[in-house]
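Student: I'd like to go through this model with you, question by question. Can we start with the picture itself?

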Amino acid sequence: MKKIILKTKKVIISIVLAIISFPNKIFAAINPSALDIQDLYGPPTDILYGVPRPSTVTIIWRIARTFIIPIALLIGLIIYLKKSKGSKKKKILVTIGIISITAMLYFVVNKIIYGLA
């Protein structure tokens with residue numbers, strides 16, 4: 001009788017230990033880099049402090065859209081309007097076309113760089 005009780009006790013203990021250790025075995029098999037797991041304590045792993053630095057493409061685009069593109073567009077249109085031998089109607093239509101194409105390119109590049117959010 002004592003042997004049966006000891007064996008059942010060992011079986012029950014082994015089943016309970018197996019059930020308790022299943023989550024550890026399951027979660028150990030999952031690749032942590034594939035999941036977006038955030039630590040519950042300590043500093044964040046991606047940024048220690050401050051605002052994240054924007055990429056070089058973003059910095060270049062900010063400078064270009066603020067200074068370079070408007071200045072180049074203005075200089076180009078002034079030169080075109082001064083040197084062109086076409087009629088005023090043609091000059092106005094070309095100017096409107098160039099400005100609209102530039103605006104469309106500006107918005108397309110802006111959406112590409114900053115995302116479609």
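Tutor: Two ground rules before we go. This is a predicted model, where local features need pLDDT of at least 70, side-chain atom pairs count only at pLDDT 80 or more, and totals for chains, interfaces and linings use all residues. Residues are numbered from 1 along each chain as its sequence is written, and side-chain values use heavy atoms, with hydrogens and water left out.

Student: Okay, how many helices and strands does the chain have?

Tutor: Helices (H or I, at least four residues) and strands (E, at least two) are DSSP runs, numbered from the N terminus. From that end the elements run α-α-α. The tally is 3 helices and 0 strands.

Student: How do α2 and α3 run, roughly parallel or roughly antiparallel?

Tutor: Helix α2 covers residues 56-83 and helix α3 covers residues 88-114, and their axes sit 11 Å apart at an angle of about 175 degrees. Axes here are lines fitted to C-alpha atoms, for helices over the stretch in contact, with angles from 0 to 180 degrees between N-to-C directions. Under 35 degrees counts as roughly parallel, over 145 as roughly antiparallel, 65 to 115 as roughly perpendicular and the rest as oblique. So α2 and α3 are roughly antiparallel.

Student: And how many residues of the contact of α2 with α3 are nonpolar?

Tutor: Contact means heavy atoms within 4.5 Å. Residues from α2 including Ile69, Leu73 and Leu77 meet α3 residues including Val94, Ile98 and Ile99. Ala, Val, Leu, Ile, Met, Phe, Trp, Tyr, Cys and Pro count as nonpolar, Asp, Glu, Lys and Arg as charged, and the others, Gly among them, as polar. The contact has 4 charged residues, 4 polar ones and, for your answer, 14 nonpolar.

Student: Is Thr58 buried or exposed?

Tutor: Thr58 is in helix α2 and touches Ile113 and Tyr114, leaving aside residues up to four places away in sequence. Buried means under 20% relative accessible area, exposed over 50%, partly exposed in between (1.4 Å probe, protein chains only). At 11%, Thr58 is buried.

Student: Which residues does Asn110 touch, not counting residues up to four places away in sequence?

Tutor: Asn110 lies in helix α3 and is buried, with a relative accessible area of 18%. With those sequence neighbours set aside, Asn110 touches Trp61, Arg65 and Gly115.

Student: Last one: why is the pair of Tyr106 and Phe107 edge-to-face?

Tutor: Rings of Phe, Tyr and Trp (its six-membered ring) pair if their centres lie within 6.5 Å; planes under 30 degrees apart count as stacked, over 60 as edge-to-face and the rest as tilted. Tyr106 is partly exposed at 28%, while Phe107 is exposed at 53%. Their ring centres are 5.1 Å apart, and the pair is edge-to-face because the planes stand at 70 degrees.
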